[in-house]
Amino acid sequence: MLKQLKNSNFNANWLQILIIIVLVIGVFFRFVNLDKKVYWTDEVASSIRISGYNFEEVKALGFRGEQIGVQDLQKYQYPNPEKGLGDILKGLAAEEPQLPPLYFISARFWVQLFGNSVAVTRSFSAVVSLLAFPCIYWLCQELFASALVGWVAMVLIAVSPLHVLYAQESRFYSLWSVTILLSSAALLRAMRLQTKSSWMIYAASLALGFYTFLLTGLVAVGHGIYVVVSESFRLSKTIKAYLLASVAGVLFFLPWIITVLSNYSSADGATSWTKDKVHFPALVRTWILNLSRIFFDLNENFETKYLLLYILMIALVVYSVYYLYRQTQKPTWLFVFTLIGVTALALALPDVMFGGRRSSVIRYLLPSFLGIQIAIAYLLATKITSLSLNIWKQKLWQIATLILISF
């Protein structure tokens with residue numbers, strides 16, 4: 001990074017100090033007050049899964065005609081010898097087959113090792129979220145061959161309200177972020193090295209993503225589009241290797257695919273709320289609000305008094321994507337575009353055409369938001385060190401970067 005900065009107008013030592021401070025703050029945010037926030041509905045559901053019980057057993061408790069105490073309920077929130085890993089799999093398969101088991105099984109081992117408090121249960125997600133730092137750095141290295149872009153990307157996700165939120169929640173979304181970044185970096189490395197071992201690593205990372213969340217399928221589709229377009233739609237050696245690795249990843253996930261298909265009605269019922277009708281203007285407001293939470297979280301609702309801030313945010317996102325397109329080679333911008341676009345379009349188009357609220361669920365759009373943050377990281381890293389800018393323009397971008405991080 002120092003080599004990249006030595007001829008710029010920006011002080012490299014101060015930049016390194018700033019990066020270290022922000023990363024430390026980001027780590028602190030992930031672990032402070034883990035036991036203070038409300039343990040909300042989805043987290044309660046996670047604890048039931050981790051315990052090995054299922055929802056029907058909990059519901060049956062309310063029909064015994066007896067007074068229910070705290071201890072009676074806590075039985076279903078913590079692991080116990082009565083239920084094992086097989087019970088976790090059975091409960092998910094029967095009631096929520098759309099949720100693969102990797103997170104729940106991993107969290108079960110975690111709480112068995114370290115205790116069953118709320119803080120410990122949430123700390124698993126917090127620890128896993130730290131893996132996103134090296135993963136996004138690796139991905140930026142593969143895309144830009146730039147340490148500085150990697151560091152700026154790490155800073156952006158370190159203090160992003162979106163990533164801090166899911167790092168403190170006992171759900172699988174921080175793990176999903178890690179697998180998205182890991183599989184993306186592994187794909188680019190495999191395409192660069194063209195070795196069997198590198199393609200095997202990609203296949204394994206893809207399988208990990210599938211076993212974390214089914215929407216990894218959209219990430220995989222984006223990878224496929226990227227590889228095919230990069231190879232000019234020719235059945236090249238790279239495409240053949242990619243197809244073999246992808247098939248291997250899917251085959252490894254095949255047992256759970258069969259589970260989902262066998263219990264499709266349960267999966268459809270559990271996700272039916274995403275098909276609720278939402279008026280288009282309300283949907284657009286939610287899109288803007290969710291996008292803003294990459295950078296700041298002002299309120300739970302879209303408020304017109306912050307309209308100028310939302311406009312500036314959208315302008316920054318649009319310009320960063322445009323700047324990426326103009327300044328980088330096709331393999332670089334194409335990958336980021338597919339990471340952003342495939343998931344966003346796959347969720348938004350059905351909502352617009354047929355109704356629904358899939359695209360309003362912020363956690364479903366994590367691949368798109370990670371792609372946007374990478375584009376912004378490239379913009380900021382380039383502008384704050386650009387020799388083509390005069391000192392005042394460079395200082396302006398440096399101030400803008402500090403303001404953005406401060407939000």
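What follows covers the cavities and then the salt bridges.

**Cavities**

Keep in mind that this is a predicted model. How many cavities of 30 Å³ or more does the structure hold? The count is five.

The largest cavity has a volume of about 120 Å³. Its lining is made of 12 residues, and the ones nearest its centre are Leu15, Leu18, Ile384, Thr401 and Ile405. Sorted by class, the lining of the largest cavity has 10 nonpolar residues, two polar ones and no charged ones.

Next comes the second largest cavity, with a volume of about 100 Å³. Here 13 residues form the lining, with Ser129, Ala132, His163, Ser174 and Ser177 nearest the centre. Both α11 (161-167) and α12 (173-193) supply at least two lining residues, and α12 has the largest share, with five. By class, the lining of the second largest cavity splits into eight nonpolar, four polar and one charged.

**Salt bridges**

Now for the charges: the structure has 11 salt bridges. Three of them are set out here.

| Pair | Closest N to O distance |
|---|---|
| Asp42 and Arg363 | 4.0 Å |
| Arg122 and Glu43 | 2.8 Å |

Start with Asp42 and Arg363, which form a salt bridge. This pair ties together distant parts of the chain, 321 residues apart: Asp42 sits in helix α3 (residues 41-51), while Arg363 is in the loop between α19 (330-354) and α20 (366-383). Are these two buried or exposed? Asp42 counts as buried because its relative accessible area is 18%, and the cut-off is under 20%. Arg363 is buried as well, at 15%.

Arg122 and Glu43 also make a salt bridge, again between distant parts of the chain: Arg122 belongs to helix α8 (residues 118-129) and Glu43 to helix α3, 79 residues apart. Arg122 is buried at 2% relative accessible area, and Glu43 is buried at 1%.

Glu56 is partly exposed, with a relative accessible area of 49%.

Finally, Arg49, Glu95 and Glu96 are joined in a network of salt bridges.

How values were computed. Residues are numbered from 1 along each chain as its sequence is written. This is a predicted model: local features need pLDDT of at least 70, side-chain atom pairs count only at pLDDT 80 or more; totals for chains, interfaces and linings use all residues. Side-chain values use heavy atoms; hydrogens and water are left out. On a 1 Å grid over the protein atoms alone, a cavity is a set of points where a 1.4 Å probe fits but cannot get out, and a pocket is an open set with protein on both sides within 12 Å along at least five of seven lines; lining residues have an atom within 4 Å of a point. Grid points are joined across faces, edges and corners, and a volume is the space filled by probe spheres set on the points. Ala, Val, Leu, Ile, Met, Phe, Trp, Tyr, Cys and Pro count as nonpolar, Asp, Glu, Lys and Arg as charged, and the others, Gly among them, as polar. Helices (H or I, at least four residues) and strands (E, at least two) are DSSP runs, numbered from the N terminus. A salt bridge is a side-chain nitrogen of Lys or Arg within 4 Å of a carboxyl oxygen of Asp or Glu. Buried means under 20% relative accessible area, exposed over 50%, partly exposed in between (1.4 Å probe, protein chains only).
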